[in-house]
Amino acid sequence: MSVAEATEAAARVAAPTGTARLTSPGSPDLATHLATFGPLPVRAGPAVLLDELRASGLEGRGGAAFPAWRKLAALPARERARGRRAVIVGNAAEGEPQSFKDATLLRVAPHLVIDGLLTVAAAVDAHSVHLYAQSSVLESVSRALAERRDARSIQLREAADSFISGEASAVVSALAGRSPVPQDRTMRLTESGLGGRPTLLNNVETLAHIALISRFGAAWFRSIGTPSDPGTRLVTVGSDGKSSTVLEIAGGSRLGDVLRFAGIDPGSLSAVLVGGYHGAWLPASALEARLDRQDLAVFGAAPGAGILMGLDARHCPLTVAAAIATYLAGESAGRCGPCVNGLPAMAAVLGRLARGDQDPALAAEVRRLAGLVTGRGSCNHPDGTARFVLSTLTVFAEDVAAHQAGRCRKDHS
Amino acid sequence: MTRDEPRTLLHIDWTRCDGRGLCTEILPELLTRDDWGFPLAPRHGSDVPVPDRLVDAAVEAVALCPRLALSLLQR
């Protein structure tokens, strides 16, 4: 197809109108992709893409919510001038057990992710392009890559199966053939990453949005969602005892609505964990809050990677939280002393509290240990774990008091 | 950054540090030890601001760390 034909074809395909954007293709094959979205528009220069992304307000969907345009802009011009071309990485490691929206996206719309990778790679004249994804989706991604010639440059790699496998420096380490664990960093990856080259990692959902923004524009992107969380986002919604489901929702949707949409009765919950195991709890009284940065900030939470886990009101929150803290302690990469020692210690004290030890000093000791590990690791695993544990003590203060008084009547199994 | 904030940072590479504690002896004003012996700077994490009068001691700590876990950064 010539450029003119491709442009014309793209013009013939209307932009998706509802909340189903990323999830609108009925089938993951290339023909359906092209019929749904039209071909990739003629490659825009880096300045055009940067402006469009900036106007869109798209933020990263991997958890850190870094503005997509700023990440692109962070590739230092001087490195390009020195001929050190950048490495582009699509990240679908998704080690968080409560999340499977990236895997779902790669099964439903792999070509959007590929389009996003190619768009970013073309804009920066990339040296190499990598896609890092868990084993469960390798087959569907391989099939999609084989369907198109323009994707031959994309190198697919299986992600390590661990909670922290998606941490940026851990991904770069794995791609370099080394251990998939976080590295000490004194330089940004956008300055020096894989092979010493400037390296740009994007979550695969972010890339899929980029593919749509480069087709239909920033104004279209912002036509759904709230000013502080424009566009749609993929969320993984579940509750303890009920398996999770992936939904595409308008940015800034109310938590209660999202839960109901996923078939969970908000009235049956005592709280919702927002942002996964490194996230924070919102009490049942706060489920009118919107899933956007502003509303969630009060609770120390953020939309993050779009994970909502409801907690059944009959279950003891401290028991659930202690199990999660124990899991997270076990997922330490085992390299940084404060994390190796501090996380198991913190989880153990929370566990004593959960099991009915009435020592009045326990809650304060959990808080002290949380403070001790925060900021003292090469990645944010200790920080995220501490945030989760502190949120537990704050939001479930009544349960803590009930435990200390020996009168918690909830289910401890 | 205010004018009084130190420009020199002592960076701790936690992936190398195993808590021998030499740095905490050389820089007692800056570092104590946590429950497990690892260097602890109250209110700071991996990058600890070094006041001008302690820069020489910090340079010594970097040189003497048996694990090569310390470095100085300028901000």
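Modeller: A definition comes first: the expected span of a helix is 1.5 Å times one less than its number of residues, and helices (H or I, at least four residues) and strands (E, at least two) are DSSP runs, numbered from the N terminus. This is a predicted model, in which local features need pLDDT of at least 70 and side-chain atom pairs count only at pLDDT 80 or more, while totals for chains, interfaces and linings use all residues. Residues are numbered from 1 along each chain as its sequence is written, and chains are lettered from A and ligands numbered from 1 in the order in which they are written.

Biologist: What span should the 15 residues of helix α17 of chain A have, at 1.5 Å a residue?
Modeller: Helix α17 of chain A covers residues 381-395, and its end C-alpha atoms are 21 Å apart.

Biologist: How many of the 15 residues of α17(A) are buried?
Modeller: A residue is buried if 20 or more other C-beta atoms lie within 10 Å of its own, exposed if 12 or fewer, and partly exposed in between, with C-beta atoms placed from the backbone. The buried residues of α17(A) include His381(A), Arg387(A), Phe388(A) and Val395(A), and they pack against elements of chain A among which are β9 (269-274), β10 (280-283) and α18 (397-404). The helix α17(A) is mostly covered, and the number of its buried residues is 12.

Biologist: Which strand supplies the largest share of the side of domain 2 of chain A that touches domain 3 of chain A?
Modeller: Contact here means that the C-beta atoms of two residues, placed from the backbone, lie within 7 Å, and 11 residues of domain 2 of chain A are in contact with 11 residues of domain 3 of chain A. On the domain 2 side, β9 and β10 of chain A each supply at least two residues. The largest share, three residues, comes from β10(A).

Biologist: Is Val272(A) buried or exposed?
Modeller: Val272(A) sits in strand β9 of chain A, and, leaving out residues up to four places away in sequence, Val272(A) touches residues including Leu255(A), Trp281(A), Leu308(A) and Leu311(A). Because 30 other C-beta atoms lie within 10 Å of it, Val272(A) is buried.

Biologist: At roughly what angle do the axes of helix α7 and helix α8 of chain A cross?
Modeller: Axes are lines fitted to C-alpha atoms, for helices over the stretch in contact, and angles run from 0 to 180 degrees between N-to-C directions. The axes of α7 (residues 110-124) and α8 (residues 135-146) of chain A come within 9 Å and cross at roughly 65°.

Biologist: Which residues of α7(A) make the contact with α8(A)?
Modeller: From α8(A), the contact draws on Ser140(A), Val141(A), Ala144(A) and Leu145(A). From α7(A), the residues are Pro110(A), His111(A) and Ile114(A).

Biologist: What is the phi of Asp125(A), which is not a glycine?
Modeller: Most residues other than glycine have a negative phi. Asp125(A) lies in the loop between α7 and β2 (128-133) of chain A, and it is exposed because its count of other C-beta atoms within 10 Å is 10. Its phi is positive, at about 50°.

Biologist: Where does Ala65(A) lie?
Modeller: Ala65(A) also has a positive phi, near 60°, in a residue other than glycine. With 17 C-beta neighbours inside 10 Å, Ala65(A) counts as partly exposed. Its place is the loop between α3 (46-56) and α4 (68-73) of chain A.

Biologist: How far apart in space are Arg233(A) and Asp125(A), C-alpha to C-alpha?
Modeller: Arg233(A) belongs to strand β7 (residues 232-239) of chain A and counts as buried, with 26 C-beta neighbours inside 10 Å. Arg233(A) and Asp125(A) are 108 residues apart in sequence, and their C-alpha separation in space is 28 Å.
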